[in-house]
Amino acid sequence: MEATGGQIAKETLELAFQISNMLETGLDRHTLSLLIALIDRGINPEPLSAVVRELSSPPSRTQPPSAFSSSAKP
């Protein structure tokens, strides 16, 4: 029995998720699926990984306070 395209994609995502877990990336299946889809559509993986790292990192203490912080005056 031949695997369908959907089945192959599901198995590929599962394998990528297992590798992601071994590397302790912290990515869930849905996020990993979106990243793979972006790469499949031609997005350069290096800048994409930089964006993911930036969004995943905790905010640094050197950032100026947000305009929405409680200490901001009207």
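**Exercise 1.** Describe how helix 2 and helix 3 pack in this predicted model.

*Solution.* Step 1: take the axes, which are lines fitted to C-alpha atoms over the stretch in contact, with angles from 0 to 180 degrees between N-to-C directions. The helices are DSSP runs (H or I, at least four residues), numbered from the N terminus. The axes of helix 2 and helix 3 come within 10 Å and cross at roughly 155°. Step 2: that makes helix 2 roughly antiparallel to helix 3, the term for angles over 145 degrees. Step 3: helix 2 passes helix 3 in a right-handed crossing, meaning that the near helix is turned clockwise from the far one by less than a right angle.

Residues are numbered from 1 along each chain as its sequence is written. In this predicted model local features need pLDDT of at least 70, side-chain atom pairs count only at pLDDT 80 or more, totals for chains, interfaces and linings use all residues, and side-chain values use heavy atoms, with hydrogens and water left out.

**Exercise 2.** Which residues of helix 2 and helix 3 meet?

*Solution.* Step 1: contact means heavy atoms within 4.5 Å. Step 2: L35, L38 and I39 in helix 2 meet P45, L48 and V52 in helix 3. Step 3: by class, this contact has six nonpolar, no polar and no charged residues.

**Exercise 3.** Describe the packing of helix 1 and helix 2.

*Solution.* Step 1: helix 1 (residues 5-22) and helix 2 (residues 29-40) pack at about 115°, with axes 10 Å apart. Step 2: that makes helix 1 roughly perpendicular to helix 2, a term covering 65 to 115 degrees. Step 3: their crossing is right-handed. Step 4: L13, E14, A16, F17 and S20 in helix 1 meet R29, L32, S33 and I36 in helix 2. Step 5: these divide into five nonpolar, two polar and two charged residues.

How values were computed:
Helices (H or I, at least four residues) and strands (E, at least two) are DSSP runs, numbered from the N terminus. Angles under 35 degrees count as roughly parallel, over 145 as roughly antiparallel, 65 to 115 as roughly perpendicular and the rest as oblique. Ala, Val, Leu, Ile, Met, Phe, Trp, Tyr, Cys and Pro count as nonpolar, Asp, Glu, Lys and Arg as charged, and the others, Gly among them, as polar.
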